[in-house]
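Let's take a quick tour of a protein model, starting with a pair of helices and ending with a pocket.

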Amino acid sequence: MSTISEFRASQRQDRVADREQRREDRRLADEAQLERQRLAQEAEDRRREQDRLDREQQAREKLAREESARAAKEKEAKEVKRAKERAAEKRRERRARAVKAAPAWIAEHLDLAGALAVMACSIVPALVSQASSLRDTGIVESMGWLGVLLVALLPVMLECSAWAATAGEAKAMKAKRNPWPYRIAIYSFAGLAAWVNYLHGRHVGGEQYGLLLGSVLAASSIIPIAVWQLVQLGRHREFKEERRAERAARKAAQHVRKQRKRLYPDVWHLAVQLRSIAGVGLSEDDAFQAAYGVIEGTGVELDRDLLMLLSAEQLDLMARSEERLGEVLGRLHTARTRRAAASARLAEAAPDGAVKTSTDGALTPSTQTPPASVMGLVDPSGKPLVYTQSSQITPSIPPSTRARKTAPAPARKSRPEAPARTLSKGARKSARQTAKEAAKDAAKTERAAVEDWVRGRLATTGEITWQAVRDETHRRRLETDEKAQEPSRAWCYSRITAAKSGVRLAA
């Protein structure tokens, strides 16, 4: 019985222990479940908090972007507004300057302003007259809208052709080119337009006013062009003078050429031969000078290439001419030698002051009246020359006792001052830039020289004062500029500091 009761008691204990264990397990499971729920809730809370923080951060960033975009837009709008204001201010200034400069421009360019006014007032009547004359031919009724197009285009074509040629003439004169091709075109186009306008005016005006109306309409095509040409001629006087000088030079060259052909036909024939052989590299003057030297024997050395072009007969002619020239020069040398010898004898035989020495060494008689004597001079035939006193040298009329009154010298007109030389804007800018660069280079060179001098003094004496630097720099500046100024104390200390830095780096 005890065994069974113990067995049952143990079973009961086991069941109690099992129940306790299950209760403990359920408790632990519940606690674990609660812990998991708590952790999950905390995780959810943290996630929600992070989401909230992220949303707030995104909202702040969005707000910052919006603020930045709004500030950028406002800044851009302000910049655009300021740019518009600056542009408007510049336009107002340009208009104000144009308004202020208009009277001066008109006063300075009154001829051009009048020509432009004449052009503006004449081109419209000319175009209307030509268009009306084309319309009266019945071209509009026969061709329809094509006739209208022709009526509108042909007058413009005719007038614009004349004005295009006029603009070409102005550019040609400005570029210093020949304007006559453009002038021929101008006269042709303007004459055709004037003829059309004249016929139309004669037709419209009838017998009573046809001549008057036709002349006025024809003048509307000619007068503005004539006025414009007058203005351009007045503005290009230098070009006219240059063309006149060129024409005069051509006429002078033609005259010289004719004179050479007439006076020296043989020389001219030889010059033509030389040019035909040498080609365009030999100018007409050089060829004529060479030919003159060959025929007349001038003694001028010819170029080797030019000598190679001469034939044997021409070289023989040149040799004979040179021989004749040598003989003449020899006679001239003999005559000059005899004259020098005679002058020497005259100087020895004449008393003091009777002869004077000229610049070339020859002796000439004095203006004083010497006594009549024989000086030992001979003429080319060998006969002695007698130097006698002339009665005309010493006047027989005594001088007047009345004092001679000298008239005051006429007042001389002062020369006009030379016009001041003006430079263009680009030239002045370039000159300023060059001067700045030269000044910078000179200052740099001066600083380097003074620093080298300071380093030398430091190496020898070991010390230096700013007064010594000032005196040395001033002495150097006076060598190139008498009005040079002394450097400042700060400049001197800067040179000493730079020199000491260089010494430390070297050490």
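In this predicted model, helix H7 (residues 265–278) and helix H8 (residues 284–296) have axes that come within 8 Å and cross at roughly 125 degrees.

**How H7 and H8 meet**

- Angles over 145 degrees would count as roughly antiparallel and 65 to 115 as roughly perpendicular, so H7 and H8, at roughly 125 degrees, are oblique to each other.
- Their crossing is a right-handed one.
- On the H7 side, the contact is made by Asp266, Val267, Trp268, Leu270, Ala271, Leu274 and Arg275.
- H8 brings Glu284, Ala287, Phe288, Ala290, Ala291, Tyr292, Val294 and Ile295 to the contact.
- Sort the residues of this contact by type and you get 12 nonpolar, 3 charged and no polar ones.

**The largest pocket**

- The largest pocket has a volume of about 160 Å³.
- Its lining is made up of Glu446, Ala449, Val450, Arg476, Arg477, Thr480, Asp481, Ala484 and Gln485.
- Which elements give two or more residues to that lining? They are helix H11 (425–460) and helix H12 (466–480).
- By type, the lining of the largest pocket splits into 4 charged, 3 nonpolar and 2 polar residues.

Notes
Residues are numbered from 1 along each chain as its sequence is written. This is a predicted model: local features need pLDDT of at least 70, side-chain atom pairs count only at pLDDT 80 or more; totals for chains, interfaces and linings use all residues. Side-chain values use heavy atoms; hydrogens and water are left out. On a 1 Å grid over the protein atoms alone, a cavity is a set of points where a 1.4 Å probe fits but cannot get out, and a pocket is an open set with protein on both sides within 12 Å along at least five of seven lines; lining residues have an atom within 4 Å of a point. Grid points are joined across faces, edges and corners, and a volume is the space filled by probe spheres set on the points. Helices (H or I, at least four residues) and strands (E, at least two) are DSSP runs, numbered from the N terminus. Ala, Val, Leu, Ile, Met, Phe, Trp, Tyr, Cys and Pro count as nonpolar, Asp, Glu, Lys and Arg as charged, and the others, Gly among them, as polar. Axes are lines fitted to C-alpha atoms, for helices over the stretch in contact, and angles run from 0 to 180 degrees between N-to-C directions. Angles under 35 degrees count as roughly parallel, over 145 as roughly antiparallel, 65 to 115 as roughly perpendicular and the rest as oblique. A crossing is left-handed if the near helix is turned anticlockwise from the far one by less than a right angle, and right-handed if clockwise. Contact means heavy atoms within 4.5 Å.
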